Amino acid sequence: MGGQGREDWIPSHKVTLSAFYMATTEVTFSHWKKVYQWAINHGYKIQNSGNNLRYAYGKNLFCPIDKVSWYDCVKWCNAASEMEGRTPCYTADGVPIRARDRIDVLCTWDANGYRLPSEAEWEYAAWGDETNTSYWEKIVSGDHEYCWYGANSGILMHPAGLKKANSWGLYDMSGNVNEWCWDLFMAYLKTSLTNPYGSTNGMYRIFRGGSFIHGGIYLSPIARQYTNPECDLDDVGFRVAVSAK
């Protein structure tokens with residue numbers, strides 16, 4: 001995990017992960033709105049209603065949702081889990097998060113509900129398997145087959161899944177929208193880690209992948225950025241993960 005780039009992208013270090021599933025695409029406006037409507041009818045308070053299509057190409061509902069805070073994503077994941085009869089992952093004081101933005105939110109990693117990926121899970125998923133070493137080389141060479149970014153996006157997000165998937169079958173891991181991860185920012189360590197989940201304190205949550213605005217190194221699977229979890233940025237969305245049993 002990690003590599004050359006900014007100071008907070010190094011050192012490269014070994015990480016071991018438990019098995020997990022990752023959504024093939026980023027959550028779209030259409031999917032967000034479906035869960036949002038169920039959520040507000042079941043005691044949830046989520047700020048983003050999914051009606052802001054300002055940067056969606058052709059106002060297409062199958063573009064990835066953007067302008068969502070980390071807190072909204074956490075509550076949406078819990079709502080999507082409850083809606084499907086799964087166990088919500090996110091709690092505070094032992095109760096699933098539904099309304100108030102809680103800085104003391106905890107994740108139950110062995111629950112079967114939807115959740116944000118850890119930063120380490122996200123990077124592993126972005127690279128693909130060992131046969132996919134040319135993925136990043138193609139992107140930096142200007143190959144537009146894998147991602148929407150500043151040079152080919154028209155500064156708009158596009159419907160999810162139009163570009164080529166990586167070797168795991170995951171679309172838009174680079175470009176289109178940045179993606180929230182679970183982790184509070186923590187500087188990398190040289191030591192090997194198993195299932196790292198970031199810092200246990202701090203104020204900044206990680207997002208990954210670059211967006212329809214970005215180019216260059218920010219599209220790399222190793223690139224990491226971070227901001228306050230209450231921020232809702234025009235080019236930040238998310239995709240969900242589920243722990244494997």
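A charge sits over a ring if NZ of Lys or CZ of Arg is within 6 Å of the ring centre and within 35 degrees of the ring normal. In this predicted model, the charged end of arginine 205 meets that description over the ring of tryptophan 70, at 3.9 Å from its centre. Lysine 163 is placed over the face of tryptophan 148, and the distance to the ring centre is 4.2 Å.

Arginine 205 also belongs to strand β8. From β8, Arg205 and Phe207 point one way, while Ile206 and Arg208 point the other way. All four of these residues are buried. Strand β8 pairs with β9 (residues 224–227) in the antiparallel sense, over four bridges. Within this pairing, the bridge partner of arginine 205 in β9 is threonine 227. Strand β8 also pairs with β6 (residues 178–184), again in the antiparallel sense, over three bridges. Here arginine 208 of β8 is the bridge partner of glutamate 179.

Aromatic contacts were examined next. A pair of aromatic rings is described by the distance of the centres and the angle of the planes. The count comes to 16 aromatic pairs. One of them joins tryptophan 32 and phenylalanine 238, with centres 5.9 Å apart. Their planes stand at 85 degrees, so the pair is edge-to-face. Tryptophan 32 lies in helix α1 (residues 29–40). Phenylalanine 238 lies in the loop between β10 (236–237) and β11 (241–243). The pair therefore ties together parts that are 206 residues apart in sequence. Tryptophan 32 has a relative accessible area of 0% and is buried. Phenylalanine 238 is likewise buried, at 0%.

Tryptophan 109 and tyrosine 197 form another pair, with ring centres 3.9 Å apart. The planes are at 10 degrees, so this pair is stacked. Both residues are in loops: tryptophan 109 between β5 (106–107) and α3 (119–127), and tyrosine 197 between β7 (193–194) and β8 (205–208). The contact thus ties together parts that are 88 residues apart in sequence. Tryptophan 109 is buried, with a relative accessible area of 15%. Tyrosine 197 counts as partly exposed, at 28% relative accessibility. Both rings belong to a cluster in which ring pairs link Trp70, Tyr71, Tyr90, Trp109, Trp182 and Tyr197. Trp70 of this cluster is the residue whose ring lies under the charged end of arginine 205.

The cysteines were then considered. A disulfide is a covalent bond between the sulfur atoms of two cysteines. A search of the whole structure finds zero disulfides. Cysteine 77 is in none, and its nearest cysteine sulfur, that of cysteine 73, is 6.7 Å away. The cut-off for a disulfide is 2.5 Å between sulfur atoms. Cysteine 77 has a relative accessible area of 0% and is buried. Cysteine 147 is in no disulfide either; the nearest cysteine sulfur belongs to cysteine 63, 15 Å away. Cysteine 147 counts as buried, at 0% relative accessibility.

Rolling a probe the size of a water molecule over the atoms shows where empty space is left. The count comes to one cavity of 30 Å³ or more. The largest cavity has a volume of about 120 Å³. Its lining consists of 15 residues. Of these, Glu119, Met186, Tyr188, Pro196 and Arg224 lie nearest the centre of the cavity.

Definitions and conventions: Residues are numbered from 1 along each chain as its sequence is written. This is a predicted model: local features need pLDDT of at least 70, side-chain atom pairs count only at pLDDT 80 or more; totals for chains, interfaces and linings use all residues. Side-chain values use heavy atoms; hydrogens and water are left out. Buried means under 20% relative accessible area, exposed over 50%, partly exposed in between (1.4 Å probe, protein chains only). Rings of Phe, Tyr and Trp (its six-membered ring) pair if their centres lie within 6.5 Å; planes under 30 degrees apart count as stacked, over 60 as edge-to-face and the rest as tilted. Helices (H or I, at least four residues) and strands (E, at least two) are DSSP runs, numbered from the N terminus. Two strands pair if DSSP finds at least two bridges between them. On a 1 Å grid over the protein atoms alone, a cavity is a set of points where a 1.4 Å probe fits but cannot get out, and a pocket is an open set with protein on both sides within 12 Å along at least five of seven lines; lining residues have an atom within 4 Å of a point. Grid points are joined across faces, edges and corners, and a volume is the space filled by probe spheres set on the points.
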